Amino acid sequence: MKKILLLISTSLFIYISTSAQVNTDSLSLVSEISRDQLKLGKLQNQLEQQVNNKQNASEKVQSSANKNSSAAEKLSNDPDSKKLARKAKNTARDAKKDSRNARNESQNLDNLNKDIENLKNRIAKNQLKLNKHLKSTRSYQISADSIPYNQ
């Protein structure tokens with residue numbers, strides 16, 4: 001009888017300690033998944049605005065390039081005009097600045113897409129880990145419940 005009680009108490013202790021560890025791991029994974037899903041939602045909300053920013057910057061670059069081309073053409077018709085030279089210089093500076101801004105907006109959009117993909121991958125990995133923890137918990141519970149009872 002003492003052997004049976006010792007065997008049951010030992011298996012119960014192992015089960016409780018393992019179950020507590022799995023539950024702690026599961027809870028931490030669940031909290032990490034929910035935190036990442038919240039971040040993912042915020043990033044996806046920013047995505048549309050970032051696409052609009054990139055399109056606006058591209059349109060502005062095209063407009064600046066057209067103005068610069070027009071000013072350069074006018075200057076080529078009258079190369080001695082200081083006024084036209086200053087205007088061509090200013091439009092070239094504006095076109096350069098706008099193209100830099102457009103590149104930055106494009107880079108921001110690329111970074112945002114990369115962050116979204118990384119979060120999606122991290123969520124998927126954590127969900128797989130969580131599923132493994134839950135499966136191992138169930139299989140351990142089944143094996144602990146099926147300890148033979150010899151009298």
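This note sets out numbered points on the fold, surface and charged side chains of a predicted model.

1. Basis of the values. The model is predicted, with local features requiring pLDDT of at least 70 and side-chain atom pairs counting only at pLDDT 80 or more, whereas totals for chains, interfaces and linings use all residues. Residues are numbered from 1 along each chain as its sequence is written, and side-chain values use heavy atoms, with hydrogens and water left out.

2. Overall fold. The protein contains two helices and zero strands; helices (H or I, at least four residues) and strands (E, at least two) are DSSP runs numbered from the N terminus. Of the contacts with a separation of 6 or more, 86% are between residues 24 or more positions apart, a contact being heavy atoms within 4.5 Å.

3. Surface and burial. The accessible surface is about 11400 Å², and carbon and sulfur atoms hold 54% of that area; areas come from the Shrake-Rupley method with a 1.4 Å probe, and for residues only the protein chains shown count as cover. Among the 151 residues, 19% are buried (buried is under 20% relative accessible area, exposed over 50%, partly exposed in between; 1.4 Å probe, protein chains only).

4. The structure has two salt bridges, defined as a side-chain nitrogen of Lys or Arg within 4 Å of a carboxyl oxygen of Asp or Glu. One of them joins Arg122 to Asp36, with 3.0 Å between the closest N and O atoms. This pair links distant parts of the chain, 86 residues apart: Arg122 belongs to helix α2 (residues 82-145) and Asp36 to helix α1 (residues 2-77). Asp36 is buried at a relative accessible area of 2%, while Arg122 is partly exposed at 36%.

5. Salt bridge of Arg93 and Asp94. The side chains of Arg93 and Asp94 form a salt bridge with an N to O distance of 3.9 Å. Asp94 is partly exposed, its relative accessibility being 32%.

6. Asp98 lies in helix α2. Asp98 is buried but has no salt bridge, and Lys60, the nearest side chain of opposite charge, is 4.0 Å away (Lys and Arg count as positive, Asp and Glu as negative; His and the chain ends are not counted). Beyond its neighbours within four places in sequence, Asp98 contacts Lys60, Val61 and Ser64.

7. The loop. Ser81 sits in the loop between α1 and α2 and is buried, with a relative accessible area of 16%. A polar atom of the Ser81 side chain is 3.2 Å from the backbone nitrogen of Leu84.

How values were computed: A polar contact is a pair of N or O atoms within 3.5 Å; within protein, one must be able to donate a hydrogen and the other to accept it, and residues adjacent in sequence count only if both atoms are side-chain atoms.
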